[in-house]
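Student: Can you walk me through this structure? I have just opened it.

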Amino acid sequence: MEELKKKLKEQIIEALNLQDTKPEDIDDNAALFGEGLGLDSIDSLELMVLLERQYHIKVEDPREGRKILQSVQSMAEFIQSKQPA
Amino acid sequence: MAAISPQSTFEGDIFSAPMVHTDSNLLSCIEPDYKPFIPGNSLRRMTRVLKIGLTTALKCIQDSGITTPGPIVTGTGKGSLQDTEKFIKEIAEYKETALNPTPFIQSTYNSVNGLIALQQKCTAYNNTFVHRGFSFENALLDSMMLLQEGASHTLTGAFEEITKEHFYIKSRIGFWKEQPTDSRALYTHFSPGTIAGEGATFFTLTGTPSSDSYAAITGFKMLYKPTAEKLSVALKDFTTAPDLIISGRNGDSTYEHYYETLDQCFQGIPQLPFKHLCGEYDTAGAFGLWLAGQMLKAQQIPQQWFPFSTEHLPANFNSILFYNHFYGEQHVMLKLERV
């Protein structure tokens, strides 16, 4: 899980071009939107694309997406839940 | 006015800035530090032409002293090529699935206008013209009509970028010279093609000139694919001989005959070509107009940018005729006068 979260942070930084942010600056449980990283609605679409490209997971229901994209922790848990056992 | 171009036009004094040149047939913009103009969180998503376009527009607003711009009217031949190329490549790479929204949104031609309006909270008229070599000129014409209808001012501009991919595509259809050409010697290398360029230029236009104005536009004509005779008649319509001519001559032997018509119509009037400074692109005319405005206001010529000029240049000049065309198709004539 720790390895997945670290990788996820690197992928988020690259996908969203967060130039002045390092993986260690992102708290696992900090909100990605609004406060915390301060991302916006276009970023949420970019993160959906990231899940699809990097982990082959398609989020069909936007209401589900809101919960998944809450934090790095919630994203990692979702990815792990979709991995084959 | 404001301009980001391959020369040092954004900051400092253009009358002392050394000339930037290339021998790679491509002149790229000198990019400023964008951070004083664009918040970091917005900057991270923007590609080059968006940053160049938005920053130039914001600097122009600063320069003019207006608080909130009214109508925003721009022209671009290609818009954000970098975003367009990225989006198209991803369509192929990901087989039309999992596409990033950002390059798609930003590949639309009116992105720069949208960004200016969002950042400046403008809700007035907002339009981008995409008409190849007439893109900027149609924006200018539209702005003049808006001023005629009562707008107090318009923010009018143009922006263009060149990418590696686009340079290559255009080289396949003969847009650029085959041999590497020193831009300083562009006008002595008579062969097909020219050198590529890019840039963003913005103007704040008003219906009546004030003492702060750079210049007044007192004549304006556009001609599409004219014959030499029609061009000659149109040029001669500018009855009063200008003190100086700024021409879009670019060393391309294929279309040189149009500039020879200009030479014949205005014999003895000194000419300054500008394409060795900015390269050729759909909206290069905006750079030429900016240069003419700077020179009229300062009553000075940046001599270091024209080292090849053997003509006797006037010490004072009250009027400049600007003539440019884009690969023989879109021809533009503008008369500028000192205010």
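Tutor: We go from confidence and the interface to the sheet and a helix pair.

Tutor: This is a predicted model, where local features need pLDDT of at least 70, side-chain atom pairs count only at pLDDT 80 or more, and totals for chains, interfaces and linings use all residues. Residues are numbered from 1 along each chain as its sequence is written, while chains are lettered from A and ligands numbered from 1 in the order in which they are written.

Student: What are the ipTM and pTM scores of the model?
Tutor: ipTM is 0.85 and pTM is 0.94. For chain B, the mean pLDDT is 95, and 100% of its residues reach 70 or more. pLDDT is the predictor's confidence in each residue, from 0 to 100.

Student: How many residues of chain A are in contact with chain B?
Tutor: Twelve, and they meet ten residues of chain B. Contact means that C-beta atoms, placed from the backbone, lie within 7 Å.

Student: Which helix of chain A gives the most to that side?
Tutor: Helix α2 (residues 41–55) of chain A, with six residues. Helices (H or I, at least four residues) and strands (E, at least two) are DSSP runs, numbered from the N terminus.

Student: New topic. What is the strand order in the sheet of chain B?
Tutor: β1-β5-β4-β2-β3, an open sheet of five strands with mixed pairing. Two strands pair if DSSP finds at least two bridges between them.

Student: Which strands stand at the edges?
Tutor: β1 (2–4) and β3 (126–129) of chain B. Each has a single partner strand, so one side of each is left without a neighbour in the sheet.

Student: How many bridges join β2(B) to β3(B)?
Tutor: Four, and the two strands run parallel. Thr74(B) has Thr128(B) as its bridge partner in β3(B).

Student: Which strands does helix α2 of chain B lie across?
Tutor: β1, β4 (153–160) and β5 (199–206) of chain B. This helix, residues 48–64, runs at about 30° to β5(B). Axes are lines fitted to C-alpha atoms, for helices over the stretch in contact, and angles run from 0 to 180 degrees between N-to-C directions.

Student: And at what angle do α8 and α9 of chain B pack?
Tutor: About 40°, with the axes 10 Å apart. They are therefore oblique to each other. Angles under 35 degrees count as roughly parallel, over 145 as roughly antiparallel, 65 to 115 as roughly perpendicular and the rest as oblique.

Student: Which residues of α8(B) make the contact?
Tutor: Ala228(B), Leu231(B), Ser232(B), Leu235(B) and Lys236(B). Tyr258(B) and Leu262(B) are among their partners on α9(B).

Note on methods: Contact = placed C-beta atoms within 7 Å.
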